[in-house]
Amino acid sequence: MNSFCELVKFEYRKILKKRSTVIILILGILLTAFSCVGPLMGNYYIRGEVYESNYEGMKKDREYARGLSGREINSDLLSETIEAYSHIPIVEGRFTDTDEYQQYARPYSEIQYMIRKVYNIDNFREMFSISKESLDDFYTVRQSMVEKIINNTAMNSAEKANSLNLSRKVKTPFIYSYAGGYTRLFSQMYVTALIICFICSVCIAPLFAGEYTDRADSLILSSKYGKNKIIHAKLFTGISFTVLLCIVLTIVSFVTTMIFFGWDGSNSPIQLFLPLSIVPYTMGKIALMYSILILFASILSSALTMLLSAKFRSPFMVVVIMTVITVLPGFVNISEDVPWIYHLSNLVPARMFKLENIINIFSIEFLGLIIQPYVLILSFAVLASMALLPFAYRSFKNHNCI
Amino acid sequence: MELIIDRLTKQYENKIAVDRISLTLKEGVYGLLGPNGSGKTSLMRMICGVLKPTSGEVKFNGIDVNEEEYRDSLGYLPQDFGYYPEFSAYDFLLYMASLKGLTKHRAKDKASEWLELVGLLDVAKKKIKTFSGGMKQRLGIAQAMLNNPKILILDEPTAGLDPKERIRFRNLISRLGKDRIVLLSTHIVSDVEYIASTILIMKDGQIIHQGSLDEIISVIEGKVYECSVDSKMTDYLIANYPIINIREESDKTFLRLVADKSPCEGAVAVPAVLEDLYLYYFNEGVNRDE
Ligand SMILES: Nc1ncnc2c1ncn2[C@@H]1O[C@H](COP(=O)(O)OP(=O)(O)OP(=O)(O)O)[C@@H](O)[C@H]1O
Ligand SMILES: [Mg+2]
């Protein structure tokens with residue numbers, strides 16, 4: 001055990017002694033913090049003139065939202081919203097540029113979004129034709145909308161039943177609350193996860209391949225622990241490095257976002273952000289689940305990096321391949337029409353980073369069990385990582401020095 | 001103590017680098033002598049378990065080369081290997097020591113001891129990237145010795161050493177050979193001439209000769225001649241005898257060659273040395289001093 005720790009210590013030293021590692025770590029932290037507040041940079045223009053800075057805009061929206069916080073979402077609030085929006089005149093260009101929007105409607109913009117989702121309308125003007133009864137039945141309408149979407153998917157009947165069942169557990173009525181910090185975090189975490197993956201692939205790629213290019217492989221492999229303990233130490237180093245980096249960058253993202261956008265909203269239902277979501281969880285819980293999934297997806301990505309590192313002769317090749325694997329799937333759109341292809345595609349680390357792939361309306365029947373996507377993704381990440389590591393182990397152990 | 005190499009073979013795609021070599025090594029210094037590409041490095045890598053043989057086995061006191069216990073008895077200086085340029089010599093040795101399973105305390109002792117023995121103590125804290133080739137080579141020797149190995153495999157250990165270091169190193173090796181198996185490869189004949197108790201001559205993946213210096217040289221003892229002849233005779237001799245050395249002199253040509261009996265008038269028999277034998281076998285590379 002003692003010698004194991006000693007070996008791990010040396011592996012960390014090899015990683016951290018490189019100046020490039022230190023630079024990339026610092027840049028990674030700065031970039032993460034910076035991208036959290038990215039949307040606050042710049043200004044909002046109305047007719048070519050600066051109307052407000054985005055930071056002021058966020059503060060104003062937050063002020064408005066906090067003004068409504070604590071109110072139940074019911075027909076009163078909905079009617080108020082519709083009334084507020086009815087002030088907006090018909091104009092060319094963006095309706096948000098009108099004084100009426102700024103004056104009356106803006107405080108209600110999130111509620112307006114919710115109404116449009118629940119009543120399935122594109123243009124806010126269609127809100128005006130929603131009947132009073134229909135507004136009274138907001139939660140029934142919402143539920144039937146959710147059920148319609150579930151029934152329109154290609155899920156089998158057992159899966160549909162499970163999704164329906166879950167959706168009925170969502171607690172209503174919703175109490176409105178400002179949750180700008182959390183909603184910002186939900187968009188930010190995808191970027192943070194990509195940064196984590198990239199840094200990990202750069203720092204972990206040399207773990208094995210670096211010994212080949214440093215030509216230290218023959219020294220290591222001919223030493224007492226060269227074909228067992230040191231490989232365990234290296235794998236442990238790779239995984240623990242990923243975990244530590246993940247924790248650090250998640251905390252950086254969380255704290256930066258909350259400091260700038262506000263800490264409120266952790267106990268509000270996710271439906272304030274995703275009105276038709278079927279999961280009965282709060283923003284805080286979803287943020288935690290999301291971070292955990294990103295952690296395990298990053299571990300999977302690092303396990304893959306280590307396997308490639310043990311197989312290939314050059315760390316650079318490993319980084320290139322891992323970057324392609326990480327970035328490319330983000331651009332591919334997979335249709336939901338054939339559920340198993342869709343679910344399978346979501347098991348690529350980069351796609352695991354997307355909230356909409358983790359929390360969606362799908363249930364998945366697998367080996368007789370019916371599970372939620374996040375359970376599938378988490379289990380897969382854990383199992384696949386554990387399955388990859390022995391291959392990396394064997395690859396290095398059986399490496400031929402030339 | 002016995003290192004048994006049994007029908008060890010390594011075949012690369014289309015090239016047999018080591019061809020069914022069987023050897024039994026006991027305590028002592030073995031000098032593996034062979035020209036470039038004869039398979040010395042391939043053989044040593046297999047003995048050290050870092051190259052998978054095509055067939056055959058290596059065992060030390062009955063322990064297979066792939067076992068941890070075998071590696072525990074092994075010290076290896078590869079021919080061509082790298083260091084972590086950002087590590088200091090001392091840290092590098094500590095790292096190697098922990099790979100070899102030394103306790104932290106012992107690692108420190110051994111690292112200092114060997115840094116002293118190879119004359120690197122005063123630069124112990126300097127980064128390895130500031131070292132010269134010969135200093136790195138000495139560090140390599142130090143790392144091989146950290147675990148006090150029973151089997152010491154040195155692939156061209158004297159490459160890059162200056163004459164003073166070379167001699168110091170030769171003395172070190174002959175001391176080390178007292179209670180362990182030392183196998184060292186070289187193509188510099190004088191490196192092994194004095195210190196190897198057994199000389200192994202390798203050609204095209206096979207050990208074509210083995211024995212003590214005297215035994216080996218006896219093959220050509222009394223058959224080495226030197227003569228100075230004119231150009232016509234030179235052509236004749238070159239065509240008919242294995243030439244060891246040619247030197248152009250003012251009007252004649254000086255030749256050292258191997259022949260069963262005196263090859264020409266005026267030729268004198270001289271005592272054979274290992275280099276004669278080496279050149280006799282590998283005589284494509286005739287020396288031509290100008
Ligand atoms: N990875 C490889 N792939 C193909 N052929 C190889 C490989 N490594 C070595 N060889 C070939 O095997 C033969 C033996 O090479 P080896 O390195 O063992 O020779 P050597 O005696 O150590 O030579 P040197 O004195 O130059 O170090 C050479 O012909 C070489 O070309
Ligand atoms: Mg060699």
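A backbone N or O atom of B:G39 lies 3.0 Å from an oxygen atom of ligand 1. The model is predicted, so local features need pLDDT of at least 70 and side-chain atom pairs pLDDT 80 or more, whereas totals for chains, interfaces and linings use all residues. Residues are numbered from 1 along each chain as its sequence is written, chains are lettered from A and ligands numbered from 1 in the order in which they are written, and side-chain values use heavy atoms, without hydrogens and water.

Ligand 1 lies between chains A and B. Among the 15 residues around it (a heavy atom within 4 Å), those that come nearest include B:G37 and B:K40. In chain B, β2 (15-25) and α1 (40-47) each supply at least two residues of this shell; α1(B) gives the largest share, three residues.

**Chain A**

Chain A has 19 helices and four strands, taken as DSSP runs (helices H or I, at least four residues; strands E, at least two). Its C-alpha trace spans about 80 × 55 × 35 Å along the principal axes. Of the 402 residues in chain A, 55% are buried (under 20% relative accessible area, with a 1.4 Å probe and protein chains only).

Methods
Buried < 20%, exposed > 50% of the residue type's maximum accessible area, 1.4 Å probe, protein only. Polar contact = N/O pair within 3.5 Å; in protein donor to acceptor, adjacent residues only side chain to side chain.
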